[in-house]
Amino acid sequence: MRKRLFIIMLIVVLILIIPIPTGIARDGGTKTYTALTYKIVKWNHFYGDSEVFNETKVYLFPDNFLSLDDLIKREINN
């Protein structure tokens, strides 16, 4: 019984912390990796006339549920 509980808990923890590639945006090649508790975004976003936002950011819960549009607005304004 304890072994079964340990395996179930291990699976739940892995689901919460292992990021899954969720796609590439058509804004210059921004890549996202998402887990249930955080999101990793490798920004390559073109804005303005010739400016590029090129960084890797980690967004923790609850910001990981925001869209890329909302996140880029927040990053460019800071």
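Analyst: Let's start with Trp 43, which counts as buried because its relative accessibility is 1%; buried means under 20% relative accessible area, exposed means over 50%, and partly exposed is in between, using a 1.4 Å probe and protein chains only. Before going further, please note that this is a predicted model, in which local features need pLDDT of at least 70 and side-chain atom pairs count only at pLDDT 80 or more, while totals for chains, interfaces and linings use all residues. Residues are numbered from 1 along each chain as its sequence is written, and side-chain values use heavy atoms, with hydrogens and water left out.

Phe 53 is buried too, at 9% relative accessibility. The structure has two aromatic pairs, where rings of Phe, Tyr and Trp (its six-membered ring) pair if their centres lie within 6.5 Å, and planes under 30 degrees apart are stacked, over 60 edge-to-face and the rest tilted. Trp 43 sits in the loop between strand E3 (38–42) and strand E4 (45–47), whereas Phe 53 belongs to strand E5 (residues 51–53), so the pair ties together parts that are 10 residues apart in sequence. Those labels come from DSSP runs numbered from the N terminus: helices (H or I) have at least four residues and strands (E) at least two.

The other pair is Phe 61 with Phe 65: the ring centres are 5.8 Å apart and the planes stand at 85°, so this pair is edge-to-face as well. Here, though, Phe 61 and Phe 65 are both exposed. Phe 61 also takes part in a cis peptide bond with Pro 62, where omega is about 5°. Pro 62 lies in the loop between strand E6 (56–60) and helix H2 (68–77).

Back to Phe 53 and its surroundings. Setting aside neighbours within four places in sequence, Phe 53 is in contact with Trp 43, Asn 44, His 45, Tyr 47, Ile 72 and Glu 75; contact means heavy atoms within 4.5 Å. Which residues make up the largest nonpolar core? The six are Val 41, Trp 43, Phe 53, Tyr 59, Leu 71 and Ile 72. Such a core is a set of buried Ala, Val, Leu, Ile, Met, Phe, Trp, Tyr and Cys residues joined through side-chain atoms within 4.5 Å. Among the residues that Val 41 touches, beyond those up to four places away in sequence, are Thr 30, Glu 55, Tyr 59 and Leu 68.

Next comes strand E3, which is mostly covered: four of its five residues are buried. Strand E2 (residues 31–34) pairs with E3 in the antiparallel sense over four bridges, where two strands pair if DSSP finds at least two bridges between them. Lys 31 stands opposite Lys 42 in E3, and three residues separate the two strands of the E2 and E3 hairpin. E3 is also joined to E6 by five bridges, again antiparallel, with Tyr 59 in E6 as the bridge partner of Lys 39.

Ile 24 has a relative accessible area of 60%, so it is exposed. Apart from residues up to four places away in sequence, Ile 24 touches Gly 29, Thr 30 and Lys 31. The C-alpha atoms of Ile 24 and Val 13 are 26 Å apart, although 11 residues separate them along the chain.

Finally, the whole chain. The protein has two helices and six strands, in the order α-β-β-β-β-β-β-α along the sequence. Its C-alpha trace spans about 60 × 20 × 15 Å along the principal axes. The radius of gyration is 16 Å, while a compact globule of 78 residues would be near 12 Å; this radius is taken over C-alpha atoms, and the globule rule is 2.2 Å times the number of residues to the power 0.38. Of the 78 residues, 21% count as buried, with Trp 43 and Phe 53 among the buried ones.
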